[in-house]
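I'll jot things down as I look them up.

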Amino acid sequence: MRFMYIVTPVHNGPPTPELMEAMHKLTDREIKAGRMLDSGGLMPVATGAQVRITDGQLSVVDGPFVEAKEVVGGYAIFELRDKEEAVASAKEFMQLHLDHMPGWEGTCEVRAFGMPDGQGGCEAEVADALAAS
């Protein structure tokens, strides 16, 4: 199954050199093992733009975005066996932040990709969740 990790930091500012070194080691290991397919940190929202549709009109708004409450700081895409393996890997990644950047706070959201052939469990999980509610 393919998973995306979406990292949303509360902390503003660049990672410490120690955290960067630890993340590079982890990334190297995961790429060599064939589990990590892609990853990257994102530039500050001030350098971005949003393309919006509001009331049937297309517009472009340059950053920074005043209404942005949570900002995605980075992402990673993995090919893993299941959600349990994905969560375990995300915990290892977040532990690096605890170990190498004291005071850092944030979230690593783990999301499975929906696949055109129905693999990934997304369609079934959505149907089960709707049936349960």
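Predicted model: local features only at pLDDT ≥ 70, side-chain atom pairs only at ≥ 80, totals over all residues.

Glu30 first: I looked up its relative accessibility and got 3%, so Glu30 counts as buried (buried is under 20% relative accessible area, exposed over 50%, partly exposed in between, with a 1.4 Å probe and protein chains only). Glu30 makes a salt bridge with Arg35, with the closest N and O atoms 2.7 Å apart. My cut-off for a salt bridge is a side-chain nitrogen of Lys or Arg within 4 Å of a carboxyl oxygen of Asp or Glu. Salt bridges with shared partners put Arg29, Glu30, Arg35 and Glu92 into one network. Arg35 itself is partly exposed, at 26% relative accessible area.

Residues are numbered from 1 along each chain as its sequence is written, and side-chain values use heavy atoms, with hydrogens and water left out.

How many salt bridges does the rule give? I got seven.

Next I checked Glu79, which forms a salt bridge with Arg2, closest N and O atoms 3.1 Å apart. This pair ties together distant parts of the chain, with Glu79 in strand E5 and Arg2 in strand E1, 77 residues apart. (Helices are DSSP runs of H or I with at least four residues, strands are runs of E with at least two, and numbering starts at the N terminus.) Glu79 is partly exposed at 33% relative accessibility, and Arg2 is partly exposed at 33% as well.

E1 (residues 2-9) and E5 (residues 74-79) run antiparallel and are joined by six bridges; pairing requires at least two DSSP bridges between two strands. Met4 has Ile77 as its bridge partner in E5. E5 also pairs with E2 (residues 36-41), antiparallel again, over five bridges. There I found Ser39 opposite Ala76.

Lys25 is exposed at 54%, whereas Glu21 is partly exposed at 47%.

Last entry, Glu85 in helix H2 (residues 83-100). Glu85 is buried, at 18% relative accessibility. Ignoring neighbours within four places in sequence, I find Glu85 in contact (heavy atoms within 4.5 Å) with Tyr5, Arg35 and Leu80.
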